[in-house]
Amino acid sequence: MATRMMERNNIVDGFVRVGDADTRMALNEARKQIGEEDWKHGASPENRQIARDALKSRGVRYEEKLTGKLVDVAVAQTHPNGETRNKLRVTLEDGRGDKTILSADLDSEFAQRLLAKLEPAIPDHAGKEVTIGGFASMVERDGKTYANHVATLKGADGQEIKANPEHNAKATERVKALQQPMLDAGMTDRKVLNQLADSTREKYFLEVAEGLSGRMKFLGLSGEAPQKYPALEAGAKDREGVWH
């Protein structure tokens with residue numbers, strides 16, 4: 001039985017293999033072609049095409065969706081460059097017993113949106129076939145174009161599993177509860193306030209992920225401790241999804 005680890009790359013707007021040398025080189029080539037400033041700006045149709053062409057030139061596959069039986073939801077930590085990163089791990093298994101592990105940073109919009117869909121999916125879809133996908137939704141705000149990274153989750157019947165809206169509301173409530181005293185005291189540093197919001201949301205969704213992991217274990221689908229893959233995660237990944 002084989003195991004592969006995949007992650008969502010925002011520029012590619014798809015899933016790519018973790019720890020694969022050709023993938024890493026292709027994405028680095030795309031980054032140079034796009035330019036540092038545009039790369040950091042994020043997803044766009046033009047950047048997506050450049051990145052996908054770079055992958056194709058090296059014979060590297062990317063996938064727009066991942067399908068298999070939902071057999072595990074877990075939390076793991078990695079320590080690139082001494083920094084602790086919380087990871088969501090979702091394991092899908094095919095009919096041959098081969099496994100695909102989707103790894104996503106818990107502070108990412110994609111992981112948090114996926115968790116809001118996984119929560120109502122368990123237990124009805126646990127142990128059954130699901131399909132995980134995503135797309136970049138471009139929006140205009142303050143005269144600039146931004147990308148929202150949307151997660152999709154479908155059952156075996158092809159129907160989209162609706163997210164539980166309470167999670168976003170509860171995370172927002174926590175953020176407001178922590179930010180309000182600082183605002184009342186005259187805090188105007190948006191960078192500090194945004195960092196507080198990001199860390200608070202991550203902590204909330206970490207709790208959600210840990211709860212789902214416990215539910216999967218209770219159902220008898222996930223009886224093992226989260227596996228470690230040091231060879232796959234020996235490198236460090238920046239926020240745009242490139243491994244170094």
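1. Let's start with Arg96 and Asp94, which form a salt bridge with closest N and O atoms 3.1 Å apart. The term here stands for a side-chain nitrogen of Lys or Arg within 4 Å of a carboxyl oxygen of Asp or Glu. Arg96 is exposed at a relative accessible area of 65%, while Asp94 is partly exposed at 25%. For those labels, buried is under 20% relative accessible area, exposed is over 50%, and partly exposed is in between, with a 1.4 Å probe and protein chains only.

2. A word on provenance: this is a predicted model, where local features need pLDDT of at least 70, side-chain atom pairs count only at pLDDT 80 or more, and totals for chains, interfaces and linings use all residues. Residues are numbered from 1 along each chain as its sequence is written, and side-chain values use heavy atoms, with hydrogens and water left out.

3. The whole structure has 18 salt bridges. One of them links Arg58 to Glu29, with 2.5 Å between the closest N and O atoms. Arg58 sits in the loop between H3 and strand E3 (65–78) and Glu29 in helix H1, so this pair ties together parts that are 29 residues apart in sequence. Helices (H or I, at least four residues) and strands (E, at least two) are DSSP runs, numbered from the N terminus. Arg58 is partly exposed at 32% relative accessibility, and Glu29 is partly exposed too, at 33%.

4. Glu166 and Lys170 make another salt bridge, and their closest N and O atoms are 3.9 Å apart. Both belong to helix H5 (residues 165–184) and are four residues apart, about one turn of the helix. An α-helix has 3.6 residues a turn, so residues three or four places apart point the same way. Glu166 is partly exposed at 46% relative accessibility, as is Lys170 at 40%. Elsewhere, salt bridges with shared partners join Glu83, Arg85, Lys87, Asp105 and Asp107 into one network.

5. Now for helix H1 (residues 21–34), whose geometry checks out: its 14 residues should span 20 Å at 1.5 Å a residue, and the end C-alpha atoms are 20 Å apart. The expected span is 1.5 Å times one less than the number of residues. Which residues of H1 are buried? They are Thr23, Ala26, Leu27, Ala30, Arg31 and Ile34. These cover an arc of only 140° around the axis, which puts them on the same side of H1; the arc is taken from the directions from the helix axis to the C-beta atoms. On the other side of H1, Lys32 and Gln33 are exposed.

6. What covers the buried residues of H1? The cover includes strand E1 (3–9), strand E2 (14–17), helix H2 (36–41) and helix H3 (45–57), with contact meaning heavy atoms within 4.5 Å.

7. H4 is mostly covered, with 10 of its 13 residues buried.
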